[in-house]
Amino acid sequence: MAADQGVAKRGPVSAFFATRPKTRLGLLLAPPLLWLVVAYLGSIVVLLITAFWSVNGFTGAVVPAFQVGNIVSVFTDPLYREVTLRTILVALSVTVIDAVIAFPMAFYMAKVASPRTRAFFLVAVTTPLWASYLVKAYAWRVLLEPNGPIDIVTGGHSPGYGLPATVITLAYLWLPYMIIPLFAGFDRVPSSLVEASADLGASTGRTVRSVILPLVFPAVAAGSIFTFSLSLGDYIAVTIVGGKTQLLANLIYGQLVTANNQPLAAALSIVPLIAIILYLLAMRRTGALESI
Amino acid sequence: MGMEFSRGFRIFLRVCMWIGLAILYIPLILIVVNSFNQSKTFSFPPTGLTLQWWIAASHSQGALSALGTSVAAGVGATVVALLLGTMAAFAVQRYRFFGRQTISFLVVLPITFPGIVTGLALLASFTNILGPLGVGLGIGTVIIGHATFCIVIVFNNVQARLRRLGTSLEEASADLGGTLWQTFRYVTFPSIRGALVAGALLAFALSFDEIVVTTFTAGPEVQTLPIWIFGNLFRPNQAPVVNVVAAVLTIVAIVPVWLSQRIAGDSVTSRV
């Protein structure tokens, strides 16, 4: 009886959808898919096409006249090559620094801390992720400034603004992005393996080297995707603490805003895009993509 | 825990943990303390504490109108992300279809690619495709840009909740004659409400402090709070007000994380 009442109350719309799960799925999927494919992937395609367009010398307007000059100069101009190399070195240094700092932290949280303190530490390392990116970079500008806190604490040995300051600031900004995947990686290491290793007489160093390191390596790779990719695309932190340092994203921004040359900016942005895709492909071999 | 490791090693790890936390928090604390600093330029330790810069900031027209713009952009992006993220989460969690994994990947992509690529790509399509159609850069294009990378936050939260929820309650409702709408309204929605609120708070926080995509999609007229800060960062006489706005941004960005943790214990706050 109750079921009958329910069916009786069912309106025509509900009755129509109730028997058509595929229609429901289609309606659920269409808006987000349209947005992500048309607005997002579509834009990436437009970006790639724009790289082959030209700028009208008189009006500065972008005109759809095909040319390959921008792409060629991006890959042959010595200045761009130097900046690309510097950017990749910065991104790699940031990744290594973050991995070294995050490793013992994630290790401690996952394998040594008690469950209660672990929950506390997890929130504590996640929260700074949400503090404003701009403000964090600005905080380092204040820390590193002449006669600023670091100068006072180190007795005048602050690195000042420049390339080292950029690496430090970027490493600070992306540190939580390394800690969190690493924590998940340590958490997945079965404690029984660690105990077995200790029971069989392995020293702490041996257990870490032979049991833990190989098992958490994919997590380090997963974290490095973020630290590497985010460093490649940054121009704000460099502008704030980098002094005259130029990285790829600065050049892109400069071409767009100062030189008003959108096609060249688009061509330049293909470099970080390729670097990240190559990096993703390299990391896929380590199984990192499954642990994101 | 961790008795398999030597005592010295455990102490070493604990020391590293606290040093790491200190590194993470000292700059943030510095920003908040600095906003109460009496002297106009940075002095360490502060010569005295004052509220005068907070009062000055509350009268700064530029900062206030930027705050309004940031809130409007954040609310707009959050609404779009809530709708699209929830729909995608339902599709992926409640249906089996070809290309399900691809949807999850597509949703994450906008935060995996560097902001400058996303920003420039959106700018290229806005100016080259929407521009000729008479649509200019403004708050609307900022909302489109922000929503694109906020979807993943709502998606992750709702998806995690739907997975834990299972389908038995919804099936029971359907078996008892509940219509699709009744099942959603009285069974599914109350169970995912916490995840929706958490996702909305976090999406708002993400939009509120975004600067790279904003720079490219805002056009010259629209100023959000981060853009205002960036524009005034290199002006020494604006420094005290910038310090206050920076402190506000820090607090406004952190509070939603704590709130979302309290509202939904399983809230996905990690971003990664």
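Over all chains, a search of the whole structure finds 25 aromatic pairs, where rings of Phe, Tyr and Trp (its six-membered ring) pair if their centres lie within 6.5 Å, planes under 30 degrees apart counting as stacked, over 60 as edge-to-face and the rest as tilted. The structure is a predicted model, in which local features need pLDDT of at least 70, side-chain atom pairs count only at pLDDT 80 or more, and totals for chains, interfaces and linings use all residues. Residues are numbered from 1 along each chain as its sequence is written, chains are lettered from A and ligands numbered from 1 in the order in which they are written, and side-chain values use heavy atoms, with hydrogens and water left out.

A pair of aromatic rings is described by the distance of the centres and the angle of the planes. For Phe103(A) and Phe186(A) these values are 5.1 Å centre to centre and 70° between the planes, an edge-to-face pair. Phe103(A) belongs to helix 5 of chain A and Phe186(A) to helix 9 (residues 163-188) of chain A, so the pair ties together parts that are 83 residues apart in sequence. Helices (H or I, at least four residues) and strands (E, at least two) are DSSP runs, numbered from the N terminus. Phe186(A) is buried, with a relative accessible area of 0%; buried means under 20% relative accessible area, exposed over 50%, and partly exposed in between (1.4 Å probe, protein chains only).

In chain B, Phe230(B) and Phe234(B) have ring centres 6.2 Å apart and planes at 70°, so this pair is edge-to-face. Phe230(B) is buried at a relative accessible area of 15%, whereas Phe234(B), at 39%, counts as partly exposed. Ring pairs also link residues of both chains into a cluster: Phe103(A), Phe107(A), Phe186(A), Phe5(B), Phe9(B) and Phe12(B).

Trp35(A), Tyr40(A) and Trp130(A) supply 11% of the area that chain A buries against chain B, more than any other three residues.

Which polar links cross the interface of chain A and chain B? There are 13 residue pairs in polar contact, both residues at pLDDT 80 or more. A polar contact is a pair of N or O atoms within 3.5 Å; within protein, one must be able to donate a hydrogen and the other to accept it, and residues adjacent in sequence count only if both atoms are side-chain atoms.

Over all chains the structure holds three salt bridges. Arg86(A) forms one with Glu82(A), the closest N and O atoms being 2.7 Å apart. These two residues are four apart in helix 5 of chain A, a separation of about one helical turn. Arg86(A) is partly exposed at a relative accessible area of 23%, and Glu82(A) is partly exposed at 45%.

Arg118(A) forms a salt bridge with Asp187(A), with the closest N and O atoms 3.2 Å apart. Arg118(A) lies in helix 6 (residues 115-126) of chain A and Asp187(A) in helix 9 of chain A, so the pair ties together parts that are 69 residues apart in sequence. Arg118(A) is buried at 18% relative accessible area, while Asp187(A) is partly exposed at 39%.

In chain B, the side chains of Arg94(B) and Glu170(B) meet in a salt bridge at 3.0 Å, N to O. Arg94(B) is in helix 3 (residues 61-94) of chain B and Glu170(B) in helix 7 (residues 168-175) of chain B, so their pairing ties together parts that are 76 residues apart in sequence. Arg94(B) is buried at a relative accessible area of 19%, and Glu170(B) is buried at 15%.

Chain B as a whole has 11 helices and zero strands. Buried residues make up 55% of its 272 residues.

Note on methods
Buried area is the accessible area (1.4 Å probe) that two parts lose on being put together, summed over both. A salt bridge is a side-chain nitrogen of Lys or Arg within 4 Å of a carboxyl oxygen of Asp or Glu.
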